[in-house]
Amino acid sequence: MNWSDVIYVGVETETLTSGEIVRSWTWSKRFVNKLSVRSKEFYEARAIGLKPEIMFEIRSHEYRGEIRLKYKDVEYEVIRTFDKGEFTELICSRGLNG
């Protein structure tokens, strides 16, 4: 694998402005390998109401538990991770929480 795909992982931040909580996202670039969702993973997730659409392999030391990411201007939520030691697989679905 050549780590040529780019995602942006998001961390939600909250700030207090004029007495109101303002939420925003900070995005960080990561190089990943885009993978196909395995059929077993797909059907197991569908059985509990999730729709895995895309999967990425990221270096484990670069993944810090982020739950949202962008790939080609589309936002995804991480619905499952699989730690494989040096690498972590991120199984993602589009737009779970809007």
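Reader: Does Tyr-71 count as buried or exposed?
Author: This is a predicted model, where local features need pLDDT of at least 70, side-chain atom pairs count only at pLDDT 80 or more, and totals for chains, interfaces and linings use all residues. Residues are numbered from 1 along each chain as its sequence is written, and side-chain values use heavy atoms, leaving out hydrogens and water. Buried means under 20% relative accessible area, exposed over 50% and partly exposed in between, with a 1.4 Å probe and protein chains only. The relative accessibility of Tyr-71 is 7%, so Tyr-71 counts as buried.

Reader: How many aromatic pairs does the structure hold?
Author: Rings of Phe, Tyr and Trp (its six-membered ring) pair if their centres lie within 6.5 Å; planes under 30 degrees apart count as stacked, over 60 as edge-to-face and the rest as tilted. By that rule, the number of aromatic pairs in the structure is three.

Reader: Which kind of pair do Trp-25 and Trp-27 make?
Author: Their accessibility is worth a look too: Trp-25 is partly exposed at 27%, and Trp-27 is partly exposed at 25%. The ring centres of Trp-25 and Trp-27 lie 5.8 Å apart with the planes at 25°, so the pair is stacked.

Reader: What is the angle between the ring planes of Phe-56 and Tyr-71?
Author: Phe-56 is buried, with 0% relative accessibility. Its ring and that of Tyr-71 form an edge-to-face pair, with 5.0 Å from centre to centre and a plane angle of 65°.

Reader: How many residues apart in sequence are the parts that this pair ties together?
Author: Helices (H or I, at least four residues) and strands (E, at least two) are DSSP runs, numbered from the N terminus. Phe-56 belongs to strand E3 and Tyr-71 to strand E4, so their pair ties together parts whose separation in sequence is 15 residues.

Reader: How far is the charged end of Arg-59 from the centre of the ring of Trp-3?
Author: Trp-3 lies in the segment before strand E1 (5-17) and is buried at 15% relative accessibility. A charge sits over a ring if NZ of Lys or CZ of Arg is within 6 Å of the ring centre and within 35 degrees of the ring normal. The charged end of Arg-59 sits over the ring of Trp-3, and its distance from the ring centre is 4.0 Å.

Reader: What is the phi of Asp-73?
Author: Most residues other than glycine have a negative phi. Trp-3 has a positive one near 55°. Asp-73, in the loop between E4 and strand E5 (74-83), is exposed at 80% relative accessibility. Although Asp-73 is not a glycine, its phi is positive, at about 65°.

Reader: Which residue has its backbone oxygen 2.9 Å from a polar atom of the side chain of Arg-30?
Author: Arg-30 lies in strand E2 (residues 20-35) and is buried, with a relative accessible area of 11%. Contact means heavy atoms within 4.5 Å, and beyond its neighbours within four places in sequence, Arg-30 has contacts including Asp-5, Ile-58 and Arg-64. The backbone oxygen at 2.9 Å from a polar atom of the Arg-30 side chain belongs to Glu-62.

Reader: Which residue in E4 is the bridge partner of Gly-10?
Author: Two strands pair if DSSP finds at least two bridges between them. E1 and E2 pair in the antiparallel sense over 13 bridges, and in E2 the bridge partner of Gly-10 is Trp-27. E1 and E4 also run antiparallel, joined by three bridges. In E4, the bridge partner of Gly-10 is Arg-68.

Reader: Which residue in E3 does Asn-33 stand opposite?
Author: Strands E2 and E3 run antiparallel and are joined by three bridges. In E3, the residue opposite Asn-33 is Glu-57.

Methods. A polar contact is a pair of N or O atoms within 3.5 Å; within protein, one must be able to donate a hydrogen and the other to accept it, and residues adjacent in sequence count only if both atoms are side-chain atoms.
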